[in-house]
Amino acid sequence: GLGGAGVPAMGSANPLPQALILTAIVIGFAMFAFLLVLAYRAYQVLEARAMGADAILLIVAAFLPPLPRGGEGRGEGAVARMRALEALAHELGMAVLVEAHDAAELDLALQLETPLIGINNRNLRSFEVSLETTLSQLGRIPPGRIVVTESGILAPADVAIMQAHDVKVFLVGEAFMRAADPGAALAALFQ
């Protein structure tokens with residue numbers, strides 16, 4: 001697997017192919033397909049660049065150890081490790097999308113330089129999805145950052161809710177992967 005504390009094993013000696021995400025980022029009504037690679041270690045950033053990746057995904061939760069008793073010190077070291085990978089990605093000409101699932105992770109994500117701040121609407125403990133996750137964090141994100149809402153964008157009404165709150169960038173994957181015709185699903189979602 002990917003190895004390291006907090007990163008689930010993916011059942012492969014070579015984790016990179018399983019960590020590839022060909023995804024659609026929709027900005028307004030323009031869609032951009034690009035190769036996004038989950039990165040946890042420097043070699044994954046280098047491999048991502050060699051494969052032609054446009055960006056890396058840093059999932060804050062993957063850099064955090066399990067919550068210790070009392071909940072103190074959970075982010076120590078995580079920001080430094082993410083910053084090192086961010087710097088390497090930028091040096092190699094790649095963008096960085098940092099992903100948070102809650103307020104505590106968002107605090108850590110905002111310590112990076114990247115303007116791309118992903119808020120994943122999926123609760124990692126229950127796997128429930130709620131668009132309220134993004135909406136509740138919007139007031140905490142400073143100007144100059146680009147909010148990317150992730151997970152749970154399944155219908156035009158979901159897009160409308162986000163756009164009404166000035167969220168214009170969507171990372172959509174699951175909705176298209178489940179569709180018999182992903183192109184038609186995209187057109188229907190952003191009609």
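The structure is a predicted model in which local features need pLDDT of at least 70 and side-chain atom pairs count only at pLDDT 80 or more, while totals for chains, interfaces and linings use all residues. Residues are numbered from 1 along each chain as its sequence is written, and side-chain values use heavy atoms, with hydrogens and water left out.

**Overall architecture**

The chain contains eight helices and seven strands. These elements are DSSP runs numbered from the N terminus, helices being H or I with at least four residues and strands E with at least two. Of the 191 residues in the chain, 43% are buried; buried denotes under 20% relative accessible area, exposed over 50%, and partly exposed in between (1.4 Å probe, protein chains only). The accessible surface comes to about 9,500 Å², and carbon and sulfur atoms account for 59% of this area. Such areas come from the Shrake-Rupley method with a 1.4 Å probe, and for residues only the protein chains shown count as cover. Among contacts (heavy atoms within 4.5 Å) between residues at least 6 apart in sequence, 53% join residues at least 24 apart.

**Parallel strands and their crossovers**

Strands are taken to pair if DSSP finds at least two bridges between them. Strand β3 (residues 55–59) runs parallel to β4, with five bridges joining the two; Ala55 has Ala95 as its bridge partner in β4. Strand β4 (residues 95–100) has five of its six residues buried. On to β5 (residues 116–120), β4 pairs in the parallel sense over four bridges, and here Val98 stands opposite Ile117.

The series continues with β5 and β6, which are parallel and joined by five bridges. Strand β6 is mostly covered, four of its five residues being buried. Strand β7 (residues 169–172) pairs with β6, also in the parallel sense, over three bridges.

Three β-α-β units are described here. β4, helix α4 (residues 103–109) and β5 form a right-handed unit, as do β5, α5 and β6, and also β6, helix α6 (residues 156–164) and β7. A crossover is right-handed if, with the strands pointing away from the viewer, the path from the first strand over the helix to the second runs clockwise.

Glu150 belongs to strand β6 (residues 146–150). Beyond its neighbours within four places in sequence, the contacts of Glu150 include Leu97, Glu99, Gly118, Ile119 and Asn121.

**Salt bridges**

A salt bridge places a side-chain nitrogen of Lys or Arg within 4 Å of a carboxyl oxygen of Asp or Glu. The structure holds two of them, listed below.

| Salt bridge | Closest N and O atoms |
|---|---|
| Arg140 and Asp107 | 2.2 Å |
| Asp166 and Lys168 | 2.7 Å |

Arg140 forms its salt bridge with Asp107; Arg140 lies in the loop between α5 and β6 and Asp107 in helix α4, so the pair ties together parts that are 33 residues apart in sequence. Arg140 is partly exposed at 34% relative accessibility, and Asp107 is likewise partly exposed at 40%. In the second pair, Asp166 counts as exposed at 59%, whereas Lys168 is partly exposed at 39%.

**Loops and backbone angles**

The loop between α5 (132–137) and β6 also holds Gly144, which is exposed with a relative accessible area of 66%. The C-alpha atoms of Gly144 and Pro115 are separated by 6.7 Å, although these residues are 29 apart along the chain.

Most residues other than glycine have a negative phi. Phe127, in the loop between β5 and α5, has a positive phi near 65 degrees and is exposed, with a relative accessible area of 54%. Ser151 has a positive phi near 75 degrees and is placed in the loop between β6 and α6. Is Ser151 buried or exposed? Ser151 is buried, at 17% relative accessible area.
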